[in-house]
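Morning, everyone. Let's bring up the model.

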Amino acid sequence: CEIQKQERVSSQSTQLLVKTQSVNHHDQILPVQDSLVRPVLYSQTVSLKSLPVQDKINKFVDLMLPAILVAKYNLEKKRQFVVEQIQKDNITLTDSIKLNDLLIEYKSESLSELEQKLHTHPVSIVLAQAALESGWGTSQLFLNANNIFGVCSFNSSEPRVEYQQDGKSVYYRQYTDLSL
């Protein structure tokens, strides 16, 4: 599958135009019907629990595949930028600041380590892991926090949700959409 690219070209870079959509009923999830996938990120979704198994699987793929492809696209753009900077003789101040921000964001000690961390996993593996972690889109974290993989939060300044486990508060990251 490939993401349907709706790009806006500016003087500095190419940008993917992504639509964000909220879902109140599973019929509002746009179906993936061919090898081109519309770049839609769902900001709120509904439980797929009541659907027959095959319908649940199809709707889950329809929800997650665009998010996975958008995330892969964005990571690849970052990786391409890093590779370009590695190959340059002179790096501008602006690019140096951007590289430094990426090194911090990805907790990398070198540009080669950063470039390695920006490689992505195959779509099939990410989709399978998302299905397992979210119970095919039925877990409370998936529904309430767009948290597909059960990512914990240790930073009180980031968006997060609190759950009680064994009488203790456990915090999980809360995301604005399913973009991973």
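Start with Y172. Y172 is buried, at a relative accessible area of 10%; buried means under 20%, exposed over 50%, and partly exposed in between, with a 1.4 Å probe and protein chains only. Y163 is partly exposed, at 24%. Their ring centres are 5.9 Å apart and the planes meet at 70°, so this pair is edge-to-face.

Some ground rules. This is a predicted model: local features need pLDDT of at least 70, side-chain atom pairs count only at pLDDT 80 or more, and totals for chains, interfaces and linings use all residues. Residues are numbered from 1 along each chain as its sequence is written, and side-chain values use heavy atoms, with hydrogens and water left out.

How many aromatic pairs does the structure hold? Three. Rings of Phe, Tyr and Trp (its six-membered ring) pair if their centres lie within 6.5 Å; planes under 30 degrees apart are stacked, over 60 edge-to-face, the rest tilted. F60 and F142 make a tilted pair, 6.2 Å centre to centre with 40° between the planes. That pair links distant parts of the chain: F60 is in helix α1 (residues 53–87) and F142 in helix α5 (residues 140–145), 82 residues apart. Helices are DSSP runs of H or I, at least four residues, numbered from the N terminus.

F60 is buried, at 0% relative accessibility. F142 is buried too, at 0%. With W136, F60 and F142 form one aromatic cluster.

Now the charges. A charge sits over a ring if NZ of Lys or CZ of Arg is within 6 Å of the ring centre and within 35 degrees of the ring normal. K98 lies over the face of F81, 4.2 Å from the ring centre. R160 has its charged end over the ring of Y171, at 3.8 Å from the centre.

Terms used:
Helix = DSSP H or I, 4+ residues; strand = E, 2+ residues; numbered from the N terminus.
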